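Good morning, everyone, and thank you for making time for this.

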Amino acid sequence: MTTDSDAPDAVLDLVVIGAGPVGLACAIEARQAGLRARVIDKGALVNSIVGYPARMEFFSTPDLIEIGGHPFPVQGYKPTREEGVEYYRGVAAREQVDLRLYERVVAIHGARGDFRVETSRGLHRTRHVVVATGFFDVPNRLGVPGEDLPHVTHYYREPYPYVQQRVAVIGGRNSAAKAALDCYRHGAQVTMIVRGPALSETVKYWIRPDLENRIKEGSIRAYFDATVTEIRERSILVQTPDGPLDLPNDWVLAMTGYQPDFAFLASLGLTFADDGFRTPIFDETTFESERPGLFLAGTVCGGMKTNRWFIENGRFHAQQIVKHLAGQRTETIPFASIHWKTEE
C-alpha cells in the first residue's frame with residue numbers, strides 16, 4: 001500500500017531503528033498521536049524473539065508485554081516464543097506499521113528536524129530518530145582459542161541436534177540453565193562450566209531448584225569457579241579449583257550473554273557514561289540523547305547492564321518519547337523504584 005511517506009521527497013516525523021516490541025510500540029504511539037513513523041530493521045520482525053529457543057516461555061505474563069493497547073491472548077499462563085512472534089506480527093499489521101525489514105542502517109546524517117537515515121537500500125528523510133536496537137546481536141565472547149570452531153555457538157534454539165552428544169554449557173544464568181535442562185531431558189550428556197561459585201541468583205525461581213537437583217543427583221555435571229581456557233575439535237580445556245581438566249566434548253553452547261552493538265551506536269553520535277556499563281547518556285524524562293533529535297528506547301538504554309530494561313518497562317519509553325515529540329508535557333517516571341514482574 002502506497003502512503004504519503006513513500007513519496008521520494010516525503011519527510012517523516014520519526015524513523016525507528018529496530019523492529020522489536022519496543023520499536024513497534026514507538027511507531028504505534030507515534031501513529032496514534034498523528035505522527036508519521038517508519039520502522040527499519042536489518043533482520044526480521046521482532047528478530048530477537050525469532051532467535052529465541054523454540055517454545056520458550058516469556059518471563060512476563062501477556063498483559064505486561066502488550067503494546068498499542070492490543071490484548072495478547074494466550075493458551076497458557078505465559079506466552080511462548082511462537083505466540084509472541086504472532087502477536088507482534090498481528091499488532092504491526094493491524095496498526096499498519098510502515099516496516100522496512102532486512103534493511104541495514106549505515107549512518108545518520110543531518111540534524112534534528114532534518115535527518116537523513118542512510119541504509120543499505122537508500123535514504124529516509126525524517127525529523128527525529130529513535131534507536132531501539134536491543135542487545136541480542138552481539139554475544140559476549142569467551143576470548144579463548146577455538147571459540148570460532150563450527151561446533152561452538154552463542155545461541156541456543158532446540159535440543160534435537162544434541163541427542164546422545166556431549167554438550168558443554170558455559171554460563172550460570174537463565175539461558176544456560178534452560179539450555180542445560182532442555183538438552184539433558186532430550187538425551188544429551190550435559191556438563192556446565194560456571195565462572196562463579198554457584199548458579200546466578202537471577203535464575204528464575206521455577207528453574208533453579210530443578211537444575212540444582214539435577215546437578216546434585218549427577219544427571220548434569222557442573223564445575224563451579226571454573227573457566228574454559230581452550231576449545232578443541234573433540235574436547236575443551238577447563239581450569240578448575242582442583243586444577244586443569246581436558247573434557248571430551250562434541251558441542252559447546254556458550255551462554256555468556258549479549259551486549260549492544262557499541263560500535264554502531266557510537267557511529268550514530270551517541271555518547272556513553274564512564275560507569276562500567278557503558279550506559280548511553282540520555283535525558284531520563286524524554287529519552288533524548290546528547291545528539292539532539294536522536295532518542296533511545298528499550299534495552300539499549302542500559303548499555304552492558306542488560307537486565308535493567310525489558311519489554312515490560314521499555315514499552316513506556318515509547319509513550320515518553322512521543323509525548324515529547326507531540327509537544328505534550330512529560331514527567332520523569334521513577335523506573336528504578338517500580339516493582340517489575342520480569343525482574344522476579
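I will go through some strands, then the nonpolar cores, then the salt bridges, and finally the cysteines. Please keep in mind throughout that what we are looking at is a predicted model.

Let me begin with strand β1, which covers residues 12-17 and is mostly covered, since six of its six residues are buried. Strand β1 pairs in the parallel sense with strand β6, residues 122-131, over five bridges, and within that pairing valine 16 stands opposite valine 130. Strand β1 also pairs in the parallel sense with strand β2, residues 37-40, this time over four bridges, and there isoleucine 17 has isoleucine 40 as its bridge partner. To get from β1 to β2 the chain passes through helix α1, residues 21-32, and this β-α-β crossover is right-handed.

The largest nonpolar core has 58 residues, and the ones with the most contacts inside it are Ile17, Leu24, Ile67, Tyr88, Ile108 and Val130. Helix α1 gives the most to this core, with seven residues. If we take leucine 24 and leave aside its neighbours within four places in sequence, we find leucine 24 in contact with several residues, including Leu45, Ile67, Tyr88 and Val97. Apart from this core lies another one, of 22 residues, among them Ile207, Ile215, Ile220 and Met255.

Arginine 38 lies in strand β2, while aspartate 98 lies in the loop between α3 and β3, so the pair ties together parts that are 60 residues apart in sequence. Both ends are covered, as arginine 38 is buried with a relative accessible area of 5%, and aspartate 98, at 16% relative accessibility, counts as buried too.

In the second, arginine 214 forms a salt bridge with aspartate 210, and the closest N and O atoms are 2.6 Å apart. These two are four residues apart in helix α5, residues 208-216, and are therefore separated by about one helical turn. Arginine 214 counts as buried at 16% relative accessibility, whereas aspartate 210, at 22%, counts as partly exposed. Salt bridges that share partners join Arg185, Asp210, Arg214 and Glu217 into one network.

In the third, arginine 329 forms a salt bridge with glutamate 331, with the closest N and O atoms 3.6 Å apart, and here arginine 329 counts as exposed, at 71% relative accessibility.

That leaves the cysteines, and a question for you: how many disulfides does the structure hold? The structure holds zero disulfides. Take cysteine 301 as an example: the closest cysteine sulfur, in cysteine 26, is 9.3 Å from the sulfur of cysteine 301, which is too far for a bond. Cysteine 301 is also buried, with a relative accessible area of 0%, and cysteine 183 is buried as well, with a relative accessible area of 1%.

Definitions and conventions:
Residues numbered from 1 in each chain as written. Predicted model: local features only at pLDDT ≥ 70, side-chain atom pairs only at ≥ 80, totals over all residues. Heavy atoms only, no water. Buried < 20%, exposed > 50% of the residue type's maximum accessible area, 1.4 Å probe, protein only. Pairing = 2+ DSSP bridges. Right-handed = clockwise from strand over helix to strand, strands pointing away. Disulfide = S-S within 2.5 Å. Salt bridge = Lys/Arg side-chain N within 4 Å of Asp/Glu carboxyl O. Core = buried A, V, L, I, M, F, W, Y, C linked by side-chain atoms within 4.5 Å. Contact = heavy atoms within 4.5 Å.
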